[in-house]
Amino acid sequence: MTPVSSHSPHGQSPLRTVQVLGGGNAGSSAHVRSLAVGLVARGVKVTVCAPSDAECTYDFTGAGADHVHVPRSSDPVSVAALRTVCAEADLVHAHGLHASFRAALALGGRRVRTPLVVTWHDRPHAEGARGQLLRVLERRVMKAATVVLGATSELVDGARRTGARDARLGPVALPARPGPPAGPDDPDPLRPKVRAELGAIDRPLLVAVGSLERHRGYDLLLDAARVWRRLDPAPLVVVAGEGPLRGELQGRIEGEGLPVALVGSRDDVPDLLAAADLALLPSRREPGRSVLAQEALHARVPLVAGAVGGIPELVGDAAELVPPGDAEALADAVVRLLADPARQDELRERGTRQAATWPTEDETVAQVLSIYDELTQPTPLL
């Protein structure tokens, strides 16, 4: 068990931390919930500033933290509310770009400098004027942060290039889901039911998960599906997620007769993966620690992914990696893998070993807590 946190620099009271969350994606929200559980168990007082809908979904108060509703907006009222909460904190920890920008505004101008830790889970991407605005926000956040934790080496390098004074690798553990993972000795009893519901009883099932946005590479997936539909039997490709490209993608699926189903946002992604023969990650960019890649390896599902961003670092040799943006290479890798059960078994075993190298939730909390102590412990007099 990790030792209880040191006391705050102001006396014997527990260390007081504020976790700032934007509206956040599922990964950062689950991470804050996991941190709250671990920090509270170690005697740290935790206040989570997040929109009310995040509290409803992730139950930060159930983790032992206090929750304060702070809207996603960076307007003066929201920043003032955040400033009030942070006034009594020994340290503020913000997650994601927009939450970090609000935290920097809330802490700006104070006579006593409160340490600001920023966890960079991902790097938002946009073109044109919005892209320029994001870069301005990043520079402001990097300048304000005492320590930046990048979930991958690529994010750490990006933070340094953007002006971070102290950027460190801080891998974010994938919070455990209830129930045991599927395995060869304990097959998931839901697998036949899920496959039947999806229409994949006598055909391979390929699963991709993620928002329907350009950088996810679903256009490449549909290009590759033209090849797969010639197989006998043709695999069914299921894409779980919603987004602005749904109409465009659905039009292609229907117009080209592709064996692809857009099933929308799902709360049973672990069940979908457990039922799958292969998991697909065709992204053009993936700077963070892909949740799908982690869940696929944990579930012992062979993964085919673009060798982009943080993916190679995350999966090592436990996945079939293809050049990003190459639909032909994606199609060929899937065809070869479906025809090679021995290679599938090899990837399952490698995936299990690779997943065992990732940090646990307890180890993630311990690293974060050591940084908190480093930033709040008084410097001893020589």
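In which handedness does α4 pass α5? The crossing of α4 past α5 is left-handed. A crossing is called left-handed if the near helix is turned anticlockwise from the far one by less than a right angle, and right-handed if clockwise. The model is a predicted one: local features need pLDDT of at least 70, side-chain atom pairs count only at pLDDT 80 or more, and totals for chains, interfaces and linings use all residues. Residues are numbered from 1 along each chain as its sequence is written, and side-chain values use heavy atoms, with hydrogens and water left out.

The chain has 15 helices and 13 strands. Helices (H or I, at least four residues) and strands (E, at least two) are DSSP runs, numbered from the N terminus. The radius of gyration of the chain is 22 Å, close to the 21 Å given by the globule rule for 382 residues, so the chain is as compact as a globular protein of that length. This radius is taken over C-alpha atoms, and the globule rule is 2.2 Å times the number of residues to the power 0.38. Along the principal axes, the C-alpha atoms fill a box of roughly 75 × 50 × 40 Å.

Two strands pair if DSSP finds at least two bridges between them. Axes are lines fitted to C-alpha atoms, for helices over the stretch in contact, and angles run from 0 to 180 degrees between N-to-C directions. Within the sheet, β5 (residues 116–120) and β6 (residues 147–150) pair in the parallel sense over four bridges. Valine 117 has valine 147 of β6 as its bridge partner. Contact means heavy atoms within 4.5 Å.

A further open sheet has six strands in the order β10-β9-β8-β11-β12-β13, with parallel pairing. Its edge strands are β10 (260–264) and β13 (320–322), and each pairs on one side only. Here, too, neighbouring strands are turned by 20° against each other on average, direction ignored. Strand β12 (residues 303–306) runs parallel to β13 and is joined to β13 by three bridges. Leucine 321 of β13 stands opposite alanine 305.

Helix packing was examined next. Helices α4 (residues 97–107) and α5 (residues 128–144) pack at an angle of about 50°, and their axes are 9 Å apart. The two helices are therefore oblique to each other. Angles under 35 degrees count as roughly parallel, over 145 as roughly antiparallel, 65 to 115 as roughly perpendicular and the rest as oblique. On the α4 side, the contact involves Leu97, His98, Ser100, Phe101, Ala104 and Leu105. On the α5 side stand Arg130, Leu134, Leu137, Glu138, Arg140, Val141 and Ala144. By class, this contact has eight nonpolar, two polar and three charged residues. Ala, Val, Leu, Ile, Met, Phe, Trp, Tyr, Cys and Pro count as nonpolar, Asp, Glu, Lys and Arg as charged, and the others, Gly among them, as polar.

Helix α4 also packs with α3 (residues 76–86). The axes of α3 and α4 come within 8 Å and cross at roughly 70°. That makes α3 roughly perpendicular to α4. The crossing of α3 past α4 is right-handed. Val79, Leu82, Arg83 and Cys86 of α3 meet Arg102, Ala103, Leu105, Ala106 and Leu107 of α4. The contact of α3 with α4 divides into seven nonpolar, no polar and two charged residues.

Helices α1 (residues 26–41) and α15 (residues 361–376) pack at about 75°, with axes 9 Å apart. They are therefore roughly perpendicular to each other. His31, Ser34, Leu35, Gly38 and Leu39 of α1 make the contact with Glu361, Thr364, Val365, Val368, Leu369 and Tyr372 of α15. The residues comprise six nonpolar, four polar and one charged.

Two loops carry backbone features. The peptide bond from aspartate 232 to proline 233 is cis, with omega near 0°. Proline 233 lies in the loop between α8 (218–228) and β9 (236–240). Aspartate 59 has phi near 50°, a positive value in a residue other than glycine. Aspartate 59 is placed in the loop between α2 (52–58) and β3.
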